[in-house]
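Take a moment to turn the model around on your screen before reading on.

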2 protein chains.
Amino acid sequence: MITTDVVDPASIRGLSKYGKVFSTTALDEPALNQLLPSIDILLVFFWPSFLTPENLSRMSNLRLIQSILAGVNHIPFAQLDKKVVVCSNAGAYSDEVAEYAWSLLLSAAKRIVDFHNAVKAEQWSLRRTLGGKEVTIMGEKTLGILGYGGIGSAVARIGRGFNVNIYAFSRKPVREKDVRAFQGDKGLSRVLAKSDAVIVSLPLTKLTNKIIDADKLATMKKDAILVNIARAELVDESALYEYLKTNPDFRYATDVWWYREERESLKTVSPFFELSNFIGTPHVSGPSSLATGKPAKFAVANVIRFLRGLKPKNIVDPAEYLVTDRQEY
Amino acid sequence: MITTDVVDPASIRGLSKYGKVFSTTALDEPALNQLLPSIDILLVFFWPSFLTPENLSRMSNLRLIQSILAGVNHIPFAQLDKKVVVCSNAGAYSDEVAEYAWSLLLSAAKRIVDFHNAVKAEQWSLRRTLGGKEVTIMGEKTLGILGYGGIGSAVARIGRGFNVNIYAFSRKPVREKDVRAFQGDKGLSRVLAKSDAVIVSLPLTKLTNKIIDADKLATMKKDAILVNIARAELVDESALYEYLKTNPDFRYATDVWWYREERESLKTVSPFFELSNFIGTPHVSGPSSLATGKPAKFAVANVIRFLRGLKPKNIVDPAEYLVTDRQEY
């Protein structure tokens, strides 16, 4: 059962070779309710609102949930039967999101937004300087990458062109010889302390929720740049606001936003946009990537692996996603 | 004679081994006037105002002018004796300016400034899309580099990390096998027509003045991105404004500004900042690079080459700089 309209017709035809394919956009509610008990596989973009706990409990045949979004933190793990395998779509957006991460990093490093707005408002003059602190030069500096999966390694590939030294925080071993990899809480602190800029590309799980808190921010360089293209909840909102306010040379650039009432929201508790060391864009790193059709094809290919009896890629561990304090956002 | 305070003491000591060094910041006007006829070499940052045509005509011993700015279009070539050799400081800022060029390119590609301001003004919502046109993905696209010197080749090096195809407009042959190089007016048109983004890193000379005019803009893709980190005069101001206004998907991002009364000025004839497809920063790509001390050391090393009887690097052809229509800016 496909619950989104982002899957192209050719991919749907491909899937049809292995079984019956139903698209929820073509079904009315009674038909849908009748179908639910027979569905083996769910291909979702974002978790559909009609799959309430009650409806989900009627899907006794469900064996696989494949997400087209890269992350799976939208999936109600607590309500799933143990036999259901959940697959993320990690890797499907890697190149595009890594490009976006570098765009945010460089915008912050060169203060592009701030300078543009200052010139526009006639609040800057040529030859006025900040004593050489106008722009942060990345060459020969250290870039920390938190989470060295598809996005992280694409970020590193781009980083090599900028001649940065790369430190990674990764629980899996990193094969590239020019990347220094660290694990565990101490390893994270080491990466943060060493880095001139840090890109967060971790999945949001119980283990990584608020992984960047007040203590971790305090280990970073006072003029470092923190970029988040993963999930806002990886960073403690109020701790971040306080840190940005008291450390004007520190910069935070994000495309992702904290959850409010179970949905990502541009409305933040703290007034980040009053700060000139904050850059925020409205989670746009995905849609253009989606428009290429690649993420849907990537997800469909994984479903086909499963249908052919192969082990699908990107199986997630539900235990890591059973976040109990989600309601606070 | 050194006319700027950006040269470090160690470099001045280095120069002193080859001759007497005078710093104009330590001299009063009578002393300065007395010295001028004996000066062999001028090390300048920007052309100093005290070197009026009259004072310059008294410098009968002058043999070399070394610029610490990368470009030499600030130097009054028309007033120089033929025996005076002028050296640019090409290459001294290459890595830093190439980084900056990519920052402008990616800011425009991902509409960072526009999105940030829209979210700040609460004029955007999550999941609102531009049908996949939110962001331009650079991977697998074509990048045109106009002027393949130090900056141009550093821009290409960074581009390889983004997996872009590289087209160069260069009068010198390009050695890198993955770069397709073109020459002449037809070659320029070819590069412009093919490119999804173009970075201008040409020197401003009589030959390159307004090299991007209405005709050349019209050869570019309607949704291309043009980045200028060289000199504003390479692009025809009014033609550019008209083009941006009538082609909202086309984007221009610049750190450099047109001359007004013989000086670069943030005041433009056309109201560029009213357009959302324009990004402008106040020529900040240089100062932080200057703060590293590298450009001054680079320039001093070239002066020492000259003092040791070697041919200095970056000798420019005065004929290319005898622009007769400068007054129009």
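Predicted model: local features only at pLDDT ≥ 70, side-chain atom pairs only at ≥ 80, totals over all residues.

## Starting from one strand

Strand β7(B) is joined to β8 (residues 225–228) of chain B by four bridges, and the two run parallel.

Strand β7(B) has another partner too: β4 (residues 142–146) of chain B pairs with β7(B) in the parallel sense, again over four bridges. In that pairing, B:Ile145 stands opposite B:Ile199. Here's a bit of background: strands of a sheet pair through backbone hydrogen bonds, either parallel or antiparallel.

## A three-stranded sheet

Chain B also has an open sheet of three strands, in the order β1-β2-β3, with parallel pairing. Its edge strands are β1 (41–44) and β3 of chain B, each pairing on one side only. From one strand to the next, the twist averages 10 degrees.

Zoom in on β1(B) and β2(B): they pair in the parallel sense over four bridges. Look for B:Leu43, which stands opposite B:Gln66 in β2(B). What packs on this sheet? Helix α11 (residues 294–307) of chain B does, touching β1, β2 and β3 of chain B. The direction of α11 makes about 160 degrees with that of β2(B).

Now hop over to the loops. B:Phe77 lies between β2 (64–67) and β3 (85–87) of chain B, in the loop that links them. If we skip the neighbours within four places in sequence, B:Phe77 is in contact with B:Pro318, B:Tyr321 and B:Leu322. B:Tyr241 is another story: B:Tyr241 and B:Phe77 are 164 residues apart along the chain, and their C-alpha atoms are separated by 31 Å.

Most residues other than glycine have a negative phi. A:Asn163 has a positive phi even though it is not a glycine, and B:Glu122 likewise has a positive value in a residue other than glycine. You'll find A:Asn163 in the loop between α6 and β5 (165–169) of chain A, and B:Glu122 in the loop between α5 (112–120) and β4 of chain B. Here are the two with their values:

| Residue | Phi | C-beta neighbours inside 10 Å | Counts as |
|---|---|---|---|
| A:Asn163 | about 60 degrees | 15 | partly exposed |
| B:Glu122 | near 55 degrees | 10 | exposed |

## Chain A as a whole

Time to zoom out. Chain A contains 11 helices and 12 strands. The C-alpha atoms of chain A fill a box of roughly 70 × 45 × 35 Å, taken along the principal axes. For 329 residues, a compact globule would have a radius of gyration near 20 Å, and the 21 Å of chain A agrees with that. Buried residues make up 47% of the 329 residues in chain A. Among contacts in chain A between residues at least 6 apart in sequence, 66% join residues at least 24 apart.

## How the two chains meet

How are the two chains related? A rotation of 180 degrees, with 0.0 Å of shift along its axis, superposes chain A on chain B with an RMSD of 0.0 Å. That is the relation of a two-fold axis. The same surface serves both copies, as 100% of the contact residues of chain A recur in chain B.

The contact takes 47 residues from chain A and 48 residues from chain B. On the side of chain A that touches chain B, the elements giving two or more residues are α4 (94–109), α5 (112–120), α6 (150–161), β12 (278–280) and α10 (287–291) of chain A. Which element gives the largest share of that side? α4(A) does, with 10 residues. Sorted by class, this side of chain A has 24 nonpolar, 13 polar and 10 charged residues.

Conventions
Residues numbered from 1 in each chain as written. Chains lettered and ligands numbered in written order. Least-squares fit on C-alpha atoms with pLDDT ≥ 70 in both. Contact = placed C-beta atoms within 7 Å. Nonpolar A, V, L, I, M, F, W, Y, C, P; charged D, E, K, R; others polar. Rg over C-alpha atoms; globule rule 2.2 N^0.38 Å. Buried ≥ 20, exposed ≤ 12 C-beta atoms within 10 Å, placed from the backbone. Pairing = 2+ DSSP bridges. Axes fitted to C-alpha atoms, helices over the stretch in contact; angles between N-to-C directions.
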